[in-house]
Amino acid sequence: MSDKRNHFIALVDGSIYSESVCDHAAWFALRADASVSVIHLISRRSQDNGASNLSGSIGLGARTALLSELAELDGKRAKLAQQRGRAILTDAQERLDEAGITDIVTRLRHGEVVETVQEMEADADLILIGKRGEGQAVDSAQLGSHLERAIRATAKPVLVASRAFHEPKRFLLAFDGGSSALKAIDFIAARPHYADLECHLVSAGQSDTTRQRQLEGAAAVLRQAGFTVVADHVDGTPEQVLAREVEERSVDLVVMGAYGHSRIRNFIIGSTTTEMIRSCKLPILLFR
């Protein structure tokens with residue numbers, strides 16, 4: 001491993017998931033002795049693009065006055081958005097500080113999630129984000145509008161925080177022998193500060209000699225790094241197997257590769273990643 005200190009990025013938006021993002025960031029960062037950058041974004045997209053429509057059918061003088069009022073209102077909204085953003089960041093910093101994190105940076109930025117992740121990922125070892133944004137109900141079946149694009153846009157691990165934080169004791173790693181799963185194995189094996197977590201290494205689908213050998217090899221790598229590993233192959237589709245095994249094994253964290261197929265294939269037959277994020281009530285650590 002490099003001697004470079006670990007650095008995590010936590011994205012908060014003031015939703016119910018923001019507290020969970022901070023709690024997960026604190027737990028992972030304390031073990032890794034990592035610094036944490038907390039980011040709140042103010043979208044550049046206008047909240048109301050209909051000003052011209054509102055004034056299009058009235059006289060010139062009235063239209064000018066209305067546009068002036070709308071511009072003043074936009075200015076007030078921008079000021080309130082900045083004040084609210086600073087308050088969100090202050091709350092996040094206090095929560096992390098209370099958890100014992102000493103190296104915290106807060107940043108209020110104008111921009112979108114995807115471009116921010118791409119701009120800041122170079123120095124990040126882990127990116128943390130909530131499953132749903134402020135505008136969505138906590139029991140909504142829909143994911144945050146930027147979540148999938150953000151996960152696809154970065155090569156760094158992304159932890160999708162669940163609604164509430166529970167200290168992890170054991171985790172399930174979905175292993176398919178692919179490059180993303182191998183990346184997850186390497187990432188975890190290189191971090192012995194998580195070695196007290198019991199690892200359940202699960203392979204789903206049709207088994208063969210190659211897959212079994214890969215599974216045994218992955219388990220050996222983790223055991224050599226100090227992890228207690230239970231490795232099993234389970235027949236069935238990945239979606240069904242993972243949902244069932246997560247429940248039956250009482251794990252607290254899911255680790256898996258993300259979006260291993262094209263967008264077109266995912267659109268036609270669905271995505272295991274999206275379905276797991278949508279339905280699983282646990283935090284999910286994703287690797288691309």
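Visitor: Quick one to start: is S250 buried, partly exposed or exposed?

Guide: S250 is partly exposed, with a relative accessible area of 44%. Keep in mind that this is a predicted model.

Visitor: Okay, and where does S250 sit?

Guide: Look in the loop between α8 (238-248) and β9 (253-257). The backbone there is worth a glance too: S250 has a positive phi of about 55°, although it is not a glycine.

Visitor: What do residues other than glycine mostly have for phi, negative or positive values?

Guide: Most residues other than glycine have a negative phi. D33 also has a positive value, with phi near 50°, and D33 is not a glycine either.

Visitor: Where do I find D33?

Guide: D33 is in the loop between α1 and β2. Helix α1 covers residues 16-32, and strand β2 covers residues 35-42.

Visitor: Let's stay around there. What about S35, buried or exposed?

Guide: S35 is buried, at 12% relative accessible area. This serine belongs to strand β2.

Visitor: Which residues does S35 touch?

Guide: Leaving out residues up to four places away in sequence, S35 touches R5, N6, H7, F8 and D103.

Visitor: Let me zoom out. How many helices and strands are there in the chain?

Guide: The chain has 10 helices and 10 strands. It runs to 288 residues, and 45% of them count as buried.

Visitor: And what share of the contacts links residues 24 or more positions apart?

Guide: Counting contacts in the chain with a separation of 6 or more, 79% are between residues 24 or more positions apart.

Visitor: Can you show me some pairs like that?

Guide: G111 and I42 are 69 residues apart along the chain, and their C-alpha atoms are separated by 6.0 Å. G226 and P192 are 34 residues apart in sequence, with 6.8 Å from C-alpha to C-alpha. For A124 and P157, 33 residues apart along the chain, the C-alpha separation is 9.1 Å.

Visitor: Of those, is G111 buried or exposed?

Guide: G111 counts as buried, at 2% relative accessibility. You'll find G111 in the loop between β3 (104-110) and α4.

Visitor: And G226: buried, partly exposed or exposed?

Guide: G226 is partly exposed, with a relative accessible area of 46%. The loop between α7 and β8 (229-234) is where G226 lies.

Visitor: Then A124. Where is that one?

Guide: A124 lies in the loop between α4 (113-120) and β4 (126-130). This alanine is buried, with a relative accessible area of 3%. Apart from neighbours within four places in sequence, A124 is in contact with H7, I9 and K156.

Visitor: New topic: the nonpolar core. Which residues of the largest one touch the most other members?

Guide: Those are F8, L96, F171, L173, L201 and V255, in a core of 48 residues. Helix α1 gives the largest share of this core, eight residues.

Visitor: What does L173 touch?

Guide: L173 touches A184, I185, I188, H200, L201, V202 and V255, not counting residues up to four places away in sequence.

Visitor: How many residues are in the second, separate core?

Guide: That second core has 34 residues, including L41, V113, L172 and V254.

Visitor: Last topic: helices. At what angle do α6 and α7 pack?

Guide: Helix α6 (residues 179-189) and helix α7 (residues 209-224) pack at about 15°, with their axes 9 Å apart. That angle makes α6 roughly parallel to α7, since angles under 35 degrees count as roughly parallel. The crossing of the two helices is right-handed.

Visitor: Which residues make the contact?

Guide: From α6, I185, I188 and A189 take part, and from α7, A218, V221 and L222.

Methods:
Residues numbered from 1 in each chain as written. Predicted model: local features only at pLDDT ≥ 70, side-chain atom pairs only at ≥ 80, totals over all residues. Heavy atoms only, no water. Axes fitted to C-alpha atoms, helices over the stretch in contact; angles between N-to-C directions. Helix = DSSP H or I, 4+ residues; strand = E, 2+ residues; numbered from the N terminus. Parallel < 35°, antiparallel > 145°, perpendicular 65-115°, else oblique. Left-handed = near helix turned anticlockwise from the far one by under 90°. Contact = heavy atoms within 4.5 Å. Core = buried A, V, L, I, M, F, W, Y, C linked by side-chain atoms within 4.5 Å. Buried < 20%, exposed > 50% of the residue type's maximum accessible area, 1.4 Å probe, protein only.
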